[in-house]
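This briefing is meant for a reader who is meeting the structure for the first time. Please look through the sequence and the model, and then turn to the points below, which are grouped by topic.

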Amino acid sequence: MDVLFNSINVRDLLSSHDLDESSPLSAPDLRLLIDRLQFQSLQIKSKVQAYLLSHHADFSELFFRCSESASRCEQISDSVSNLLDLISDHPIDAEIRVAVSEIEKTMKELKAKRELLDLVKVIVELSERLKSVQEDLKNGRLISAAEAVRDLKKAVGTVAEEREPVVYGLLRKEWAECFEEIQGMLVKFMENAVRFEREPNKVRVKLRLSVDGTQEIELRTILEAMDVVGILDYGLAKVADLMIKHVIAPAVNCGSPISFTEELIQDSDQMTEMILKTVSCEPKLEKDDAEIIYSRIIMIIKFFYKSICFQNGSWMRCFGRLTWPRIAEIIISNFLSKVVPDDASKLADFQKIIKCTSEFEIVLKEMMFISASDNKDERLSNFAENVEVHFASRKKTEILAKARNFLLQCDFAVPQEYARTSPKLKYGGENSSDHVVDLLFLSERCVVSEAASQLMALVHRTLQDVCLSSVKVALEFYHATRDAILLYEAVIPVKLERQLNGINQVAVLIHNDCLYLSQEILGLAFEYRSEFPSAIREHAVFLDMAPRFHLMAEQVLQRQIQLVIFNLKEAIDGADGFQNTHQMQKFESAKFSIDQVVFILEKVHIIWEPVLPPSTYKRSMSMVLESVFSRMTKDILLLDDLAAEETLQLQRLIHLMLESLSSLLESLIVVDQKGTSQEGFAHPLDDLIPSLRKTRKVADLLDMPLKSITTAWESGELISCGFTLSEMEDFIKAIFADSPLRKECLWRIESANF
């Protein structure tokens with residue numbers, strides 16, 4: 001069939017094949033072409049017919065299948081139409097969905113009921129087991145009851161969970177009641193089984209006993225039940241407490257001449273009781289007799305090992321955990337700590353006690369009273385082997401106790417002979433008293449308290465011992481010296497808080513103490529460091545404490561200075577700014593204020609000058625005087641519209657104050673140790689108290705002519721005294737009336753260029 005569909009080239013039907021494709025066909029050619037096309041068409045039809053006839057069966061089958069498929073499609077279409085009509089009339093899908101939901105709901109309910117049924121079975125079983133516990137307790141089957149309680153604990157749990165059934169809480173409560181019942185019963189059995197009788201001193205252990213009419217039960221059974229329930233430590237706790245109180249404590253007491261004996265009581269070939277008696281028979285022990293004390297304790301522990309623990313390792317280990325820490329503490333505090341040598345030369349004699357202690361703990365390990373693998377249980381050996389540390393610890397305690405006593409017992413009173421010491425004695429004289437000390441890095445001397453001198457003497461003695469001791473002892477002594485020094489910082493501010501808040505020599509003495517301690521601390525490293533044991537040489541540091549005491553000294557001094565300045569300010573406030581001094585009442589008020597200022601300064605001079613180091617006294621008193629002179633000068637320069645008589649009165653007040661303070665000002669001119677004369681100082685007070693020169697100049701300006709004042713300003717003299725341009729302008733306007741001369745002088749002052 002493919003040949004029928006091949007394309008026919010029209011030009012192939014023509015007779016001439018050399019025609020140009022672009023040339024038109026002629027009429028004969030067209031007729032020829034039509035004829036040939038018709039012929040070709042007839043050939044094609046005949047071929048098609050022949051093909052159809054040859055494949056008639058295939059085409060018949062194809063058409064039959066097509067007809068059958070079309071018929072089926074119509075049937076399906078009709079069925080779908082009928083189904084759609086049926087669904088539209090009856091919504092079966094909704095019914096199916098409802099049926100499925102009901103089936104699922106029913107299945108869930110069935111599952112829940114099955115689970116609930118299983119839960120009910122479990123609850124009933126647990127409830128029956130709980131009732132069986134009570135029955136077992138009534139019938140004396142303690143082991144069975146204990147096992148049931150243990151298993152039920154895992155079943156009901158001990159902590160409520162979220163969204164658990166309420167009945168579980170009730171079961172848990174019932175289990176708790178059963179647990180408390182069996183626990184109370186077992187503890188009551190133990191209390192009756194082990195009796196500590198004080199008169200006569202004995203421990204009675206019943207191996208078979210009955211309580212509240214129950215049948216006789218063996219003590220071993222009671223312990224097994226407690227072990228199963230998990231309350232063995234609770235059941236043995238009271239026994240352990242009473243054993244330590246009535247048996248162990250007397251046995252460790254070095255002064256009690258006692259020993260222990262065992263007694264067995266049998267009934268019908270069965271042992272019913274074991275008794276440990278305390279017998280007073282031995283002479284008084286020596287202080288270091290470790291063998292007798294350890295043998296007593298071993299005998300006691302062996303008795304409990306046999307009578308109560310029945311040589312059961314786990315029970316004995318439990319009993320040891322309850323008692324050993326306290327037994328070890330009693331032995332250490334009542335025996336070992338008391339035989340620690342007081343002198344390093346006696347440390348060798350302590351080796352015998354160390355050996356006995358080690359052998360004692362080996363016996364305890366064999367009885368499994370203490371752990372054989374845990375070194376923490378070797379408490380006594382660790383203490384004994386560290387005897388050097390204990391020796392040093394005792395010494396450290398003694399050092400700190402002495403330091404504390406020095407600080408608490410000292411009254412911080414300045415000795416009478418130094419209360420008004422002359423400068424020659426203070427600065428250049430020789431004095432062997434402990435109260436006068438040299439400041440190492442200041443080349444000065446000062447008075448300190450007895451507490452400070454004794455404290456530093458103690459520190460020096462301890463550091464000398466550091467140089468001669470072993471590393472462990474030296475390290476403890478080093479910490480003791482640091483702690484002893486720091487005690488001053490901790491104790492004194494609290495003890496003398498009231499004195500520190502007032503102006504007195506106690507506060508000044510504390511300042512000196514702190515300054516002295518800071519200087520001594522700086523020198524400790526230089527003095528002893530090279531002789532310290534090499535192992536602690538790099539760790540022994542004192543320099544960190546020096547700034548603390550230097551700061552404390554400065555804080556105490558500044559508090560004193562501020563208190564003085566505050567009192568002086570209040571006194572000057574009484575002068576009311578030195579206004580209207582030409583009035584007699586105002587002048588007397590200002591004069592009284594100046595007298596108060598002078599009195600306060602003289603009092604401070606009497607308190608400070610004999611005690612403070614010279615440089616500190618000079619600096620502190622200069623600050624106080626500076627505050628006085630600057631305040632007085634400021635108040636006078638702030639006055640306006642001064643009358644001539646008022647200026648004279650102000651000048652008189654200034655001269656009065658300067659004259660009253662002349663001796664105080666002279667005390668600030670210190671003669672050094674080399675004997676430098678006073679003439680060697682040009683104007684020392686002007687450097688120490690800048691406002692003093694200004695105050696004196698104010699007194700001169702009060703009666704100085706205007707031109708002289710102007711000339712002094714232009715020469716720079718007033719500038720060097722500390723006057724400012726605004727102060728001079730206000731001062732001139734206050735004294736001199738308005739005039740051409742005043743205007744000219746003010747202009748000259750303003751025009752002056754410095």
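Ser 443 is exposed, because its relative accessible area of 61% lies over the 50% cut-off. The model in which this residue is seen is a predicted one.

**Positive phi angles**

- Most residues other than glycine have a negative phi.
- Ser 443, although it is not a glycine, has a positive phi of about 55°, and this residue is found in the loop between β7 (436-439) and β8 (444-447).
- Met 368 is likewise a residue other than glycine with a positive phi, here near 60°, and its place is in the loop between α10 (351-366) and α11 (379-385).
- Met 368 has a relative accessible area of 37%, so it counts as partly exposed, a class that lies between the cut-offs of 20% and 50%.

**Met 274 and its surroundings**

- Met 274 is found in strand β6, which covers residues 270-279, and with a relative accessible area of 7% this residue is buried.
- Leaving aside neighbours within four places in sequence, Met 274 is in contact with several residues, among them Val 203, Val 205, Leu 207, Leu 264, Phe 303 and Lys 306.
- Glu 263 is also one of the contacts of Met 274, and although these two residues are 11 residues apart along the chain, their C-alpha atoms are separated by 5.9 Å.

**Aromatic rings**

- The structure holds nine aromatic pairs.
- In one of these pairs, the ring centres of Phe 303 and Phe 304 are 5.5 Å apart and the planes meet at 85°, so the pair is edge-to-face; Phe 303 is buried, and so is Phe 304.
- The rings of Trp 324 and Phe 360 form a tilted pair, because their planes are at 45°, while their centres are 6.2 Å apart.

**A charge over a ring**

- Lys 694 lies over the face of Phe 723, at 5.4 Å from the ring centre.

Definitions and conventions
Residues numbered from 1 in each chain as written. Predicted model: local features only at pLDDT ≥ 70, side-chain atom pairs only at ≥ 80, totals over all residues. Heavy atoms only, no water. Helix = DSSP H or I, 4+ residues; strand = E, 2+ residues; numbered from the N terminus. Buried < 20%, exposed > 50% of the residue type's maximum accessible area, 1.4 Å probe, protein only. Contact = heavy atoms within 4.5 Å. Phe/Tyr/Trp six-rings, centres within 6.5 Å; stacked < 30°, edge-to-face > 60°. Lys NZ or Arg CZ within 6 Å of the ring centre and 35° of its normal.
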